[in-house]
Amino acid sequence: MLTPLETKLLGMMMMVIMLGMGASLTFRDFLIAFRKPKGVMVGVLCQYGIMPFLSYLLAVLLGLPPALAVGLILMGCMPGGTTSNIFTYFSKGALALSIMMTSVSTLIAVAAVPALIAFYSKLAGVTGEFAIPAANVAQVLVVLLVPTLLGMVLRKWNPNIGATIELIGSMLGILVILFLVVSWVPRNYQLLLSTPWQVFFVAIGLGLFGMLLGYWLARALRQDSNRSRTISLETGIQNGPLAVLIVSLTFTGEMQQQVLLIPVLYSLFIVLSSSVITVWYRTNATREALARDAAKVRLVTA
């Protein structure tokens with residue numbers, strides 16, 4: 001469980017992260033996205049189409065109990081995480097598309113996430129005390145929109161301050177995950193030792209399967225390989241700290257600990273699995289760039 005102090009600290013960290021995300025945007029970015037919306041639309045389809053259904057499917061196929069099922073479904077319904085922007089950068093992906101996907105998925109999360117959680121939780125048979133009230137989710141998301149909009153205003157007012165806040169917010173996304181691991185795992189190691197393999201499978205598989213499906217759906221919708229890799233990372237990397245915050249504000253005691261298990265494990269393993277995928281994607285991007293350069297040279301010499 002998270003202590004009251006840790007819950008408050010997590011809330012403040014999320015505020016700074018969302019401020020940083022807002023500082024990465026300008027109002028002109030949205031105008032450009034609306035003029036050429038296909039990439040963002042494909043990304044949102046992957047984000048809110050693949051991931052919630054995948055989490056529901058895994059919960060049902062593996063027969064997870066209600067506490068674990070609701071934690072997994074909550075994780076699958078989250079918007080994209082800001083750490084995906086860092087992994088996209090290092091993978092040589094389309095960074096502008098990554099930032100826009102994270103931002104758009106977060107902005108529409110106020111309406112999409114509560115509805116998706118309610119729908120898939122009911123479909124999975126999660127009711128009663130384990131059901132997450134839609135109002136709780138919407139309230140947290142609305143509050144987090146305020147620093148996002150403030151970040152956009154700061155970026156417009158002073159680009160240098162905005163860029164600094166953007167960097168701090170992005171790095172803090174990684175630090176929050178480390179904070180969750182350092183503060184939660186040592187106190188609950190006995191719980192982890194007794195955790196069945198199915199829980200580790202879904203905590204790791206949600207991100208990996210999401211990346212795989214996101215890539216091939218993007219390719220099927222005629223996105224090039226570089227944008228497809230970007231959409232893949234955006235699809236698989238969910239906002240884990242946000243899920244942990246929602247659980248912490250909704251449940252208490254033993255129930256909170258059970259529901260937190262998958263969001264915390266997901267947040268840990270997604271950093272590890274995304275690092276491996278990023279190296280692979282970067283290798284592919286480098287190879288494609290070299291092939292394009294070689295083709296240009298042949299064209300010139302011909």
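Predicted model: local features only at pLDDT ≥ 70, side-chain atom pairs only at ≥ 80, totals over all residues.
Me: Is T88 buried or exposed?
Reply: T88 is buried, at a relative accessible area of 0%. Buried means under 20% relative accessible area, exposed means over 50%, and partly exposed is in between (1.4 Å probe, protein chains only).

Me: And the rest of α5: how many of its residues are buried?
Reply: 6 of its 8 residues are buried, so by that definition α5 is mostly covered. The buried ones are T83, S84, N85, I86, F87 and T88.

Me: What happens just after α5?
Reply: K92 takes a positive phi of about 65° there. K92 is not a glycine. Its loop runs between α5 (83-90) and α6 (95-107). K92 is partly exposed, at 38% relative accessibility.

Me: New topic. At what angle do α3 and α11 pack?
Reply: Helix α3 (residues 38-61) and helix α11 (residues 197-220) pack at about 145°, and their axes are 9 Å apart. Axes are lines fitted to C-alpha atoms, for helices over the stretch in contact, with angles from 0 to 180 degrees between N-to-C directions.

Me: Left-handed or right-handed crossing?
Reply: The α3 and α11 crossing is right-handed. The rule: left-handed if the near helix is turned anticlockwise from the far one by less than a right angle, right-handed if clockwise.

Me: Which residues make the contact?
Reply: From α3, V42, L45, C46, I50, M51, L54, S55 and L58. From α11, F201, V202, L206, F209, G210, L213, G214, L217 and A218.

Me: How many are nonpolar, polar and charged?
Reply: 14 nonpolar, 3 polar and no charged residues. Ala, Val, Leu, Ile, Met, Phe, Trp, Tyr, Cys and Pro count as nonpolar, Asp, Glu, Lys and Arg as charged, and the others, Gly among them, as polar.

Me: How many salt bridges does the structure hold?
Reply: The structure holds 1. The side chains of R229 and E288 meet at 3.0 Å, N to O. R229 lies in helix α12 (residues 225-236) and E288 in helix α14 (residues 253-301), so the pair ties together parts 59 residues apart in sequence. A salt bridge needs a side-chain nitrogen of Lys or Arg within 4 Å of a carboxyl oxygen of Asp or Glu.

Me: Is R229 buried or exposed?
Reply: R229 is buried, at 4% relative accessibility. E288 is partly exposed, at 25%.

Me: Now α8. How many residues does it have?
Reply: Helix α8 (residues 134-157) has 24 residues. From first C-alpha to last, α8 reaches 35 Å, close to the expected 34 Å. The expected span is 1.5 Å times one less than the number of residues.

Me: What span should α7 have?
Reply: Helix α7 (residues 109-123) has 15 residues and should span 21 Å; its end C-alpha atoms are 20 Å apart, which agrees.

Me: What do the buried residues of α7 pack against?
Reply: They pack against α3, α4 (66-77), α6 and α8. Among those buried are A109, P114 and Y120.

Me: And what follows α7?
Reply: G125, with a positive phi near 85°.

Key
Residues numbered from 1 in each chain as written. Heavy atoms only, no water. Helix = DSSP H or I, 4+ residues; strand = E, 2+ residues; numbered from the N terminus. Contact = heavy atoms within 4.5 Å.
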